[in-house]
Amino acid sequence: MASAYIIHLLILICIYLILSLSLNLSVGYSGVLNLGHIAFYGLGAYTSALMALAGVPFLLCLLAGGLVAMFSGFLLALPTDKIKGDYLALVTVGFSFIIYSLMLNLDEVTRGPLGLPGIPRPSIFGFGFEDNFSFLILIAVITLAVYFIIQRIADSPFGKLLEAVRDDELAAKILGKDTFKAKAFSLAISAFFAGIAGALYASYITFIDPSSFSLMQIIPIISIVIIGGLASLPGTVLATIILTLIPEALRFVGFPSSILGPMRQIIYALILLLILIYRPRGFLGKVELE
Amino acid sequence: MFYQILANGLIAGAIYALVAAGFSLIYSTTKFVHFAHGGVIALSAYMLYLFYSLLGINFWLSAILAIISGVIIGVGIDYLVYQPLRKRRASPVIILISSVSVLLILESLNLMLFGADVKSINFLDIGSGWSIGPVIITSLQIFIVISSFVLLVTLFLFMKYSKIGKAMRAVADNKNVAEIVGISAERIYTWSFAIGSLIAGFAAVLISLEQNIEPTMGTALIIKGFTASIIGGVESVAGGVLGAFLLGLTENFGIWWLPSSYKDAIAFVILFAFLLLRPEGILGVKKNQK
């Protein structure tokens with residue numbers, strides 16, 4: 001029983017890790033304040049769930065979820081050349097609203113607020129990941145892969161270009177760098193991994209509905225990225241683990257679940273506020289959010 | 001049919017205008033997006049429910065108490081969250097994230113204190129309708145339209161002729177110059193939050209007469225108020241009011257062709273289009289770069 005609970009927690013941590021590591025790529029490295037990351041997550045979840053329900057093999061669903069999210073990330077990157085700062089953040093908020101309302105209103109496809117039940121668990125070449133332990137191994141492998149890919153990107157010349165764009169876009173342009181392309185790629189890659197996280201979430205919970213993908217769900221993830229520190233992948237890992245475990249402590253105090261949910265949200269939001277006010281660099285951040 | 005839709009659009013517009021007026025008032029002086037404004041409205045509505053329905057206080061007294069709570073909450077948020085952030089010169093993006101966190105905290109508080117079920121204030125009888133030509137309007141709706149009209153005119157006169165109103169416009173126009181002539185910008189910010197939240201409290205009372213009170217109503221309302229401000233031009237209260245009526249009319253005429261569940265989606269698409277194509281709004285003046 002206890003071990004089942006720990007496995008569940010570890011799976012949740014892995015999903016949050018993929019989401020927050022990929023968000024750090026766009027927010028931390030390239031400085032695009034993307035508050036619409038949940039929309040990519042949701043697109044990945046819905047795309048893969050619909051395909052899985054239609055009987056498509058898991059790996060294809062996973063890939064498709066990532067690609068659809070990636071494509072929409074590329075679309076969202078289009079205005080980043082013209083719009084900056086808080087207006088860009090608002091565009092990403094608007095994007096998140098639109099995707100959420102599509103999930104809610106495209107009844108014929110998404111079944112609206114009823115959600116999609118009965119999503120099959122992953123199965124790769126005949127090997128099913130029916131029990132949570134094997135699922136944990138699958139998602140842990142994927143999470144590690146995501147970590148190393150994002151680290152490789154961050155350490156590559158392309159990653160340095162992203163940081164240059166974040167620190168001084170004009171200077172990077174003067175050096176002849178295509179800053180728009182850099183931002184578009186980072187947003188698309190970041191969206192791809194968010195889509196993967198969504199696909200994994202859908203196949204783990206086996207049920208999705210729009211409420212998991214509303215704008216407010218960005219708060220825990222953006223908190224993780226800011227608390228861990230911008231452009232710091234170890235910081236993100238540390239913050240993910242801490243932030244996932246803190247609300248779990250409440251469970252043992254014995255609050256009823258109707259109080260537990262909102263209380264968890266309040267804790268995330270309060271931690272984020274305190275960090276923003278007192279330590280804007282987070283634990284291990286290299287730069288401050290501009 | 002046309003006139004009925006027109007009337008419905010105007011009534012929706014009047015409600016949005018109340019939300020947008022307070023929001024743009026705060027934006028015009030402080031230059032940041034106060035998303036938590038929606039949360040102030042929602043919490044004030046719950047205060048009305050607490051005083052009127054739970055404690056059984058006389059309706060008009062409860063309404064005044066609810067409006068006062070709105071002011072206290074709004075000014076309190078400014079004092080506890082925004083003021084420390086301004087002190088360390090946080091960018092508008094940071095303040096934007098913190099305002100979303102505050103909104104989340106307020107919504108979770110509603111959920112924790114009052115539960116997830118909808119509440120209603122049955123003070124005025126909604127049933128009795130008046131027919132003016134082909135249009136049927138309830139007396140409550142007439143009450144809402146007239147009171148928001150009176151409130152907006154009062155606000156306009158206040159901004160135009162009172163000393164504080166003039167100082168607010170001066171700070172909105174150019175903060176540095178206003179400070180040189182001896183206007184304390186911090187004091188004006190407090191005034192903006194007080195007056196903006198006063199309108200929020202007023203909006204809360206009117207809205208809770210017409211609609212149900214639910215924990216997430218704040219987000220729904222601020223999306224509309226925010227969209228209205230962006231359409232009209234976020235820098236001016238007049239723009240926000242204009243945008244509100246345009247939004248109310250577009251939504252209601254839109255569902256003439258589309259299923260009514262698309263009402264919100266219409267608002268988001270308009271919001272998105274304006275953010276991308278004309279971020280300064282209809283009445284706004286184009287600045288060099290945002």
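**Exercise 1. Burial and overall form**

What percentage of the 290 residues in chain B do buried residues make up? Determine also whether the radius of gyration of chain B agrees with that of a compact globule.

Solution. The model is predicted. A residue counts as buried if 20 or more other C-beta atoms lie within 10 Å of its own. By this criterion, buried residues make up 52% of chain B. Along its principal axes, the C-alpha trace of chain B spans about 55 × 45 × 35 Å. Finally, among the contacts in chain B with a separation of 6 or more, 76% are between residues 24 or more positions apart.

**Exercise 2. Secondary structure**

State how many helices and strands chain B contains, and in what order they occur.

Solution. Chain B has 11 helices and two strands. Read from the N terminus, the order is α-α-α-α-β-β-α-α-α-α-α-α-α.

**Exercise 3. One helix examined**

Compare the span of helix α2 of chain B with the expected value, and decide whether α2(B) is enclosed.

Solution. Helix α2 of chain B covers residues 37-54, which is 18 residues. From the first C-alpha to the last, α2(B) reaches 25 Å, close to the 26 Å expected at 1.5 Å a residue. Next, 15 of the 18 residues of α2(B) are buried, so the helix is largely enclosed by the rest of the structure. After α2(B) comes Gly56(B), with a positive phi near 70°.

**Exercise 4. The nonpolar core**

Identify residues with the most contacts inside the largest nonpolar core.

Solution. This core has 199 residues, and those with the most contacts inside it include Ile18(A), Ala45(B), Leu48(B) and Ala203(B). Helix α9 of chain A, residues 179-205, contributes the largest share of the core, 17 residues. Leaving aside neighbours within four places in sequence, Ala203(B) is in contact with Leu18(B), Val19(B) and Ile41(B).

**Exercise 5. The contact between chains**

Describe the side of chain B that touches chain A.

Solution. In total, 32 residues of chain B are in contact with 33 residues of chain A. On this side, α3 (59-87), α4 (92-114) and α11 (263-277) of chain B each supply at least two residues. The most comes from α4(B), with 13 residues.

**Exercise 6. Confidence**

Report the confidence values of the prediction.

Solution. Chain B has a mean pLDDT of 85, and 96% of its residues reach 70 or more. For the complex, the predictor gives an ipTM of 0.84 and a pTM of 0.87.

Key
Residues numbered from 1 in each chain as written. Chains lettered and ligands numbered in written order. Predicted model: local features only at pLDDT ≥ 70, side-chain atom pairs only at ≥ 80, totals over all residues. Contact = placed C-beta atoms within 7 Å. Helix = DSSP H or I, 4+ residues; strand = E, 2+ residues; numbered from the N terminus. Rg over C-alpha atoms; globule rule 2.2 N^0.38 Å. Buried ≥ 20, exposed ≤ 12 C-beta atoms within 10 Å, placed from the backbone. Core = buried A, V, L, I, M, F, W, Y, C linked by C-beta atoms within 7 Å. pLDDT = per-residue confidence, 0-100. Expected span 1.5 Å × (residues − 1).
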